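Hello,

Here is the structure I promised to pass on.

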Amino acid sequence: MTYKRFLKEYEDLSGKLIIVTGGTSGIGCELIKHLLSKNASVLMLSRNLKKADKCVKMYKGLYPNAKIDVLEYDQASFESIRKACDVIIDKYSDFYTLVANAGTLVGPKGGYTVDGYPTTIGVNYVGVRYLLDYLTSKLDKPHKFVIQGSIVGGLKLKKNADLKNGKYGVFTQYNISKIYLEAYVNKLQHNNPKHEYILTEPGISSTHITRHFNVAIRASGKVFLSIFFHSPKKASLTLLDGIRSPNGEYIVPRGLLTMSGLPKHKKFPHHRVREQIVKD
């Protein structure tokens with residue numbers, strides 16, 4: 001199946017509200033374009049409201065009848081997450097799916113979240129977990145959550161990590177964050193029957209996730225990724241596929257080593273089931 005055929009055959013989403021975190025660039029931005037093309041309503045959770053407003057204008061330029069709202073949301077702050085969730089409960093509690101896409105490869109050097117976690121771990125794991133825990137504790141009806149994992153979730157973890165240790169290297173932080181997030185989603189899939197949880201991976205794509213690196217690395221990395229791996233437009237399809245999938249699904253690109261390609265559903269690898277590292 002081709003990329004265009006996949007989109008053509010994807011069902012209409014009229015009347016369905018999809019909440020998306022990290023929708024101002026990269027994979028999240030392309031996902032929102034796909035959703036609007038299928039007539040979904042979108043609530044974009046964004047830390048940078050000025051950038052979000054510019055994106056909304058762009059989206060409406062492409063789709064004049066687009067129904068899209070913006071809500072302030074900073075995944076590096078528990079207070080901001082709570083405020084956003086309270087608004088969702090009050091005004092958008094009938095949402096169809098929440099897509100937890102926002103993340104970072106490397107935060108500002110030596111940076112920490114408001115709540116004392118190294119930025120990458122705090123944003124990619126702790127913030128997402130807090131969002132899911134807080135929101136689901138307030139919801140009366142069952143809902144679906146699609147969570148963006150990573151190919152690095154399959155790497156080894158020698159021992160349980162200290163999530164507040166800021167001395168880990170850049171890539172170690174990223175690996176820890178994605179391994180812990182993956183383990184947590186696995187746990188939710190098996191132990192929280194009220195809601196549905198789908199874990200996806202985007203493969204490798206040219207996105208803005210490297211924005212905190214220096215100019216030379218950003219430029220060369222973007223060229224390399226755009227040549228050898230798939231585009232954010234195609235990488236977003238695993239998330240799009242997750243929106244229509246049932247609880248417990250694991251969706252990855254179907255290409256070599258799951259690095260690129262259209263979505264495929266597969267059984268979650270047994271050696272990656274590490275629920276024991278995630279404490280209540």
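I started with His143, which sits in the loop between α5 (119-138) and β5 (144-148). Please keep in mind that this is a predicted model. With a relative accessibility of 6%, His143 counts as buried, because the cut-off for that is under 20%. Its side chain reaches two backbone oxygens: that of Ser93 at 2.8 Å and that of Lys141, also at 2.8 Å. Leaving aside residues up to four places away in sequence, His143 touches Ser93, Asp94, Phe95, His195 and Glu196.

Now to the sheet. It is open and has eight strands in the order β3-β2-β1-β4-β5-β6-β7-β8, with mixed pairing. β3 (67-72) and β8 (263-265) are at the edges with a single partner strand each, so one side of each has no neighbour in the sheet. On average, neighbouring strands are turned by 20° against each other, ignoring direction. Strands β1 (residues 17-21) and β4 (residues 97-100) pair in the parallel sense over three bridges, and Ile19 stands opposite Leu98 in β4.

Two helices that pack on this sheet may interest you. α5 touches β1, β4, β5 and β6 (196-200), and its direction makes about 175° with that of β5. Helix α6 (residues 170-191) touches β5 and β6, at about 145° to the direction of β6.

Finally, Ile243 lies in helix α9 (residues 237-243) and counts as buried at 0% relative accessibility. Its contacts beyond four places in sequence include Ile18, Tyr96, Thr97, Val99, Lys144 and Val146.

Best wishes

Methods: Residues are numbered from 1 along each chain as its sequence is written. This is a predicted model: local features need pLDDT of at least 70, side-chain atom pairs count only at pLDDT 80 or more; totals for chains, interfaces and linings use all residues. Side-chain values use heavy atoms; hydrogens and water are left out. Helices (H or I, at least four residues) and strands (E, at least two) are DSSP runs, numbered from the N terminus. Buried means under 20% relative accessible area, exposed over 50%, partly exposed in between (1.4 Å probe, protein chains only). Contact means heavy atoms within 4.5 Å. A polar contact is a pair of N or O atoms within 3.5 Å; within protein, one must be able to donate a hydrogen and the other to accept it, and residues adjacent in sequence count only if both atoms are side-chain atoms. Two strands pair if DSSP finds at least two bridges between them. Axes are lines fitted to C-alpha atoms, for helices over the stretch in contact, and angles run from 0 to 180 degrees between N-to-C directions.
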